Amino acid sequence: MLTGSTGAGKSSTINALFNMDVAKVGVGVDPETSIIEKFILDNLVIWDTPGLGDEVENDERISRSILEKINELDEDGNPLIDLVVVVMDSSSKDLVTSYELINNILIPALGDDEKDRILLALNQADVVMEGTHWNEETNSLDEVLKVFLKKKADSVRNRIKEATGLSIRPIFYCAGYKEEGGEQRKPYNLTKLLYYIIKSVPKDKRLALADNINNDEDNWLHDDKETDYKEKIKSSFGETVWDCITDGFDAGVEIGGNILGIPGKIVGATVGSAVGAVKGVFVAIFNR
């Protein structure tokens, strides 16, 4: 589930990650997403929630809907929502709405494993400080902006820890945006965001991410280089196939035929080839 204030970039984030205009991107002051929308990617479901912060009455209605969805269980009695991604506008000085959502609604509702089920994402890093410290040519930030964003992330973490006792450090990134008739801006740190999403969803749903990932190389070129996120992502998907097969996950044909495009019997006979094939899917995308 993606949540956050109006204009923070939830829909842009979905479109950047999955290369599909499944969610209308708001350009003006009115939110484009008026109800919780459901997007199905194989066995993975994405819930895009309306933006908060426009009207108190609407916020209360949206908050109730979010709470109901978080408390919902699937047919096996497990929480329907594996992960809540809170998209925040890193260029905004007023994050009160986001803090209220996180501290008063999300964390109390997520239960004992709340820290593993919430991801804080500070979007629009490219327009922070009026964009004066962002290099559009190299799609990167200078040292001044890097220090500022790290302090911003620390501030958000401290505010949440004071209110809930949980220490959750946000990720700052830029999803890019697409206006009517405009061009998609190049994302920054999207690879890092994807990596942490992969870590947080169940293994049997990670393959849906593999099958629906944005294949635009430009989306994955630029990140903070704190670690090799691309290699970690490739390794994660390879390990996921291995674990699914060795754990008796009944999806040999599904993994082979639907995800990797090779016969399921080959997957069953040659597990190593299956792992290599999954990694190969991402070599073409994460090859720089």
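Start with the whole protein chain in view: among its contacts (heavy atoms within 4.5 Å) between residues at least 6 apart in sequence, 66% join residues at least 24 apart. This is a predicted model, in which local features need pLDDT of at least 70 and side-chain atom pairs count only at pLDDT 80 or more, while totals for chains, interfaces and linings use all residues. Residues are numbered from 1 along each chain as its sequence is written, and side-chain values use heavy atoms, with hydrogens and water left out.

Of the 288 residues in the chain, 46% are buried, where buried means under 20% relative accessible area, exposed over 50%, and partly exposed in between, with a 1.4 Å probe and protein chains only.

A pocket here is an open set of points on a 1 Å grid over the protein atoms alone, where a 1.4 Å probe fits, with protein on both sides within 12 Å along at least five of seven lines, and lining residues have an atom within 4 Å of a point. The lining has 30 residues, and Leu44, Val45, Leu80, Asp82 and Lys205 lie nearest the pocket's centre. The elements giving two or more residues to this lining are α1, β3 (44–48) and α6 (203–211).

From there, select Ser11, which sits in helix α1 (residues 10–18) and is buried at a relative accessible area of 9%. Show its side chain together with that of Asp48, and a polar contact of 3.2 Å joins the two (N or O atoms within 3.5 Å, one able to donate a hydrogen and the other to accept it; residues adjacent in sequence count only if both atoms are side-chain atoms).

Finish with two loop residues. Gln124, in the loop between β5 (118–123) and β6 (134–135), has a positive phi of about 60° although it is not a glycine, and at 21% relative accessibility Gln124 is partly exposed. Asn139, in the loop between β6 and β7 (140–141), has a positive phi near 50°, and Asn139 is buried, with a relative accessible area of 7%.

Methods: Helices (H or I, at least four residues) and strands (E, at least two) are DSSP runs, numbered from the N terminus.
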